[in-house]
Amino acid sequence: MSRNAKINTLLLLVVAALAVLPLALGLGDHKEEPFTGADAEAETAITELQPDYEPWFSPLYEPPSGEIESALFALQAALGAGVLAYYFGLRRGRRQGATRAGAAGTEATGKEGVPAAAEADTKTGTGTGAGIGADAGTGTRTGSDSGAGAASGVRAVDGRDA
């Protein structure tokens, strides 16, 4: 097992323990609602300390029930997770694309940025790619497009071999 797999497994076990231990140890059994949110806990603490406290403002939308409120919160969390997953996936895809493009660029070029095919044509007369010489008009060309040896011929004005 690799080091990263061990670390990921350990983190997964810690998260599972954080989720299960409060339930297994009975934390919150003494409360009416054992696992309420921080907003409800703060409201309870404030009303105990200052019974005449008036809130500064009220919520813009009050869901009709606690289940709908929980569903909206879960939807908000899912949307946030989706946006983060999209962002990190996009970054990883761009990084992989840049790596592949860089690897393809080094394979396609020989030393000093000259394409490897042209480099082969200049040294041995064989290789792939366009040959060396004048291809415009009726000039001659050397090299081989098929990589099978040197070719010499006259090219017509319209680009066909004569």
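Buried residues account for 8% of the 162 residues in this protein, where buried means under 20% relative accessible area, exposed means over 50% and partly exposed lies in between, using a 1.4 Å probe and protein chains only. Keep in mind that this is a predicted model, in which local features need pLDDT of at least 70, side-chain atom pairs count only at pLDDT 80 or more, and totals for chains, interfaces and linings use all residues. Residues are numbered from 1 along each chain as its sequence is written, and side-chain values use heavy atoms, with hydrogens and water left out.

Now for the overall layout. The protein has 4 helices and 3 strands, and from the N terminus on they run α-α-α-α-β-β-β. Helices here are DSSP runs of H or I with at least four residues, while strands are runs of E with at least two.

Next, the surface. Leu60, Tyr61, Ile68, Leu72, Leu75 and Leu79 make a nonpolar patch of about 680 Å². Patches take residues with over 30% relative accessible area and no salt bridge, joining like charges within 9 Å and nonpolar side chains (Val, Leu, Ile, Met, Phe, Trp, Tyr) within 5 Å. A salt bridge, in turn, is a side-chain nitrogen of Lys or Arg within 4 Å of a carboxyl oxygen of Asp or Glu. Leu72 sits in helix α3 and is partly exposed, at 39%.

Glu69 counts as partly exposed because its relative accessibility is 48%.

What about aromatic rings? The count comes to 1 aromatic pair. The ring centres of Tyr87 and Phe88 are 5.3 Å apart and their planes stand at 65°, so the pair is edge-to-face. Rings of Phe, Tyr and Trp (its six-membered ring) pair if their centres lie within 6.5 Å, and planes under 30 degrees apart are stacked, over 60 edge-to-face and the rest tilted.

Notes. Accessible areas come from the Shrake-Rupley method with a 1.4 Å probe; for residues, only the protein chains shown count as cover.
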